[in-house]
Amino acid sequence: MVRFKQYVRQIISSDFTYGFGIGLVYFGYIFSWMWSLYPLEMAGIANPWLAFTLILIAFLLSVIVLALPWGFFSWLLNNGLHYKHWTTPFAIAGIFTLLEYCRSWLFGILWLGDGSILGPLWTFGNIAYWFSDIPWITRTAAVWGMYGITFLVTLFIALLFSTFRQRSLSTKLSIQWTVFLLITVLGFTPARGQYLNAIDVAVVQTNNPTRPTYTQNEIIDDFQKKLTLISSAAKQLPGGGIILLPEGAGLSTGFSSLLTPNQLREYLMKLSPQGITIINNGKVMVDNNIISRTQAITPEENNLEYHDKRTLSPWGEFRPYIAKFVLRLFGLKASIENELMPGYAQGPLAVPQGLFSIAICSEIFAPQRQAAEAILGMGSLGFFDGNTLVESQVLSAARMRAAENQKYLVWASNAGRSYFINDRGNTIKITSQPGYEILTGTIVSNNIRTWYNLLGDWPILIVSLAVSFLALKRRNDK
């Protein structure tokens, strides 16, 4: 017990607080979008002071918990490594990569609730995202993924520091830079597979604010705008294709209440005799649970293809246990309207145009490794009042997912901008602003399986663990 207390005192020292302080500033910026949730009316909270308090608690907890790995990293740099060995820069990169992977679990653990799915799903603030618009860096994501880029960026910084610290290039430094360059070259290994079909896609972008309830006129007005845009989009797809709507569009529910299955097929055939597939998302009731489901509406009979959202957003889609506890402290029973539960169907969506991986809103921050031909994403910033910081983080994540899998990606947004991303992670089309409008483009499907798509994060995590273990063991031997 005494030794444990000594370790705690040693960790909570200047070495720890230096990295922890940097983490507080950094993640304070990353999570500053939380303040766009104010005044939490969408969560059924009317008191503005209470809303401010709850957001402040959520903000501080998120920032503090996610800054802890950076503090531990700072402590290890000063207490766990032997700086005179040539493997030290690689150990620094490995330790940071492992801690970043662990950090991707922390957000979900912190905000655990009935709707939680635990895993490395919350990659907010990973430094690799800052390089998502640099093609020659994101291209390597197809080999080792986002954490491989994290490893390389950290290794590059560590090598620069080591070079300037020693003021001259010794044999040891020459070996280090040579290994770094060899690793980088490996990142340009071509993936295996072939390109298949060019598919025309029209994105229907909406601008429907997120609120607990809507008036009948608001619902009708929004539905009519969507139908008008769908009709216009179909005219821009004379050869057929896909019409993609954002998260929460709820078109399937609207159609089912207005049209019979036969009338729906007739409606789609009138839109385009060549064949239009409408892919949209909405809430459905399954086994007494409300889930977020993406469905494909096609002219074909008995089409049951769908994808359910699994990674739910705390507070936005379910109440975490901590939130319930805080609400009880204030004597409140505020709840989220239609609290969601994780869905069931997780495979790719098979439609006449091909096989597509589906990413719904927060799922874009998690690895996408399905054997699909392209990625279709849909999100909504209505909950965040169209916050541009959230939008930029989602765009960076979308670029990374496209590059990791070497797949085209299309994103449909509500209260935000929509875009097309090519198989190298480059944004090729994007709307100029939020609002009701149509964005059309062409994607090229492929059956390429990149090394990352096949193996995931395990190779870079094993390498990081190996070099970290060797360096720490050498320190203990000394």
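Predicted model: local features only at pLDDT ≥ 70, side-chain atom pairs only at ≥ 80, totals over all residues.
Reader: Okay, and where is the place of Asn288?
Author: Asn288 sits in the loop between strand S3 (276–286) and strand S4 (289–297); helices (H or I, at least four residues) and strands (E, at least two) are DSSP runs, numbered from the N terminus. Although Asn288 is not a glycine, its phi is positive, at about 65°.

Reader: Which residue has a positive phi near 50° without being a glycine?
Author: That is Gln406, a residue other than glycine with phi near 50°, and it belongs to the loop between helix H12 (388–405) and strand S9 (409–414). Gln406 is buried, because its relative accessible area is 8%.

Reader: Switching to the helices, how do H2 and H3 cross?
Author: The axes of helix H2 (residues 14–30) and helix H3 (residues 48–79) come within 6 Å of each other and cross at roughly 145°, with axes being lines fitted to C-alpha atoms, for helices over the stretch in contact, and angles running from 0 to 180 degrees between N-to-C directions. The crossing of H2 and H3 is right-handed, and in the contact between them there are 16 nonpolar residues, seven polar ones and one charged.

Reader: What is in the loop between H2 and H3?
Author: Pro39 is found there, and the peptide bond leading from Tyr38 to Pro39 is cis, with omega near 15°.

Reader: Which residues make the nonpolar surface patch?
Author: Tyr38 takes part in it, together with Leu24, Phe52, Leu56, Leu60, Ile64 and Leu68, and the patch covers about 550 Å². Patches are made of residues with over 30% relative accessible area and no salt bridge, like charges being joined within 9 Å and nonpolar side chains (Val, Leu, Ile, Met, Phe, Trp, Tyr) within 5 Å. H3 gives the largest share, five residues.

Reader: Now salt bridges: how many does the structure hold?
Author: There are 10 salt bridges in the structure, a salt bridge being a side-chain nitrogen of Lys or Arg within 4 Å of a carboxyl oxygen of Asp or Glu. In one of them, the side chains of Asp114 and Lys324 meet at 3.2 Å, N to O. This pair links distant parts of the chain, 210 residues apart, with Asp114 in the loop between helix H4 (88–110) and helix H5 (135–138) and Lys324 in helix H11 (residues 321–329).

Reader: And is Lys324 buried or exposed?
Author: Lys324 is buried, at a relative accessible area of 16%, whereas Asp114 is partly exposed, at 42%.

Reader: What about Glu339, which residue does it meet in a salt bridge?
Author: Its side chain meets that of Arg319, at 3.6 Å, N to O. Glu339 lies in the loop between H11 and strand S6 (349–351) and Arg319 in the loop between strand S5 (306–308) and H11, so the pair ties together parts 20 residues apart in sequence.

Reader: Last one, with which residue does Glu391 form a salt bridge?
Author: Glu391 pairs with Arg417, and their closest N and O atoms are 3.3 Å apart. Glu391 is in helix H12 and Arg417 in the loop between S9 and strand S10 (419–421), 26 residues apart, so here too distant parts of the chain are linked. Glu391 is buried, with a relative accessible area of 10%, while Arg417, at 27% relative accessibility, counts as partly exposed. Salt bridges that share partners also join Glu247, Lys309 and Glu317 into one network.

Conventions
Residues numbered from 1 in each chain as written. Heavy atoms only, no water. Left-handed = near helix turned anticlockwise from the far one by under 90°. Nonpolar A, V, L, I, M, F, W, Y, C, P; charged D, E, K, R; others polar. Areas by Shrake-Rupley, 256 points an atom, 1.4 Å probe, with all protein chains shown as cover. Buried < 20%, exposed > 50% of the residue type's maximum accessible area, 1.4 Å probe, protein only.
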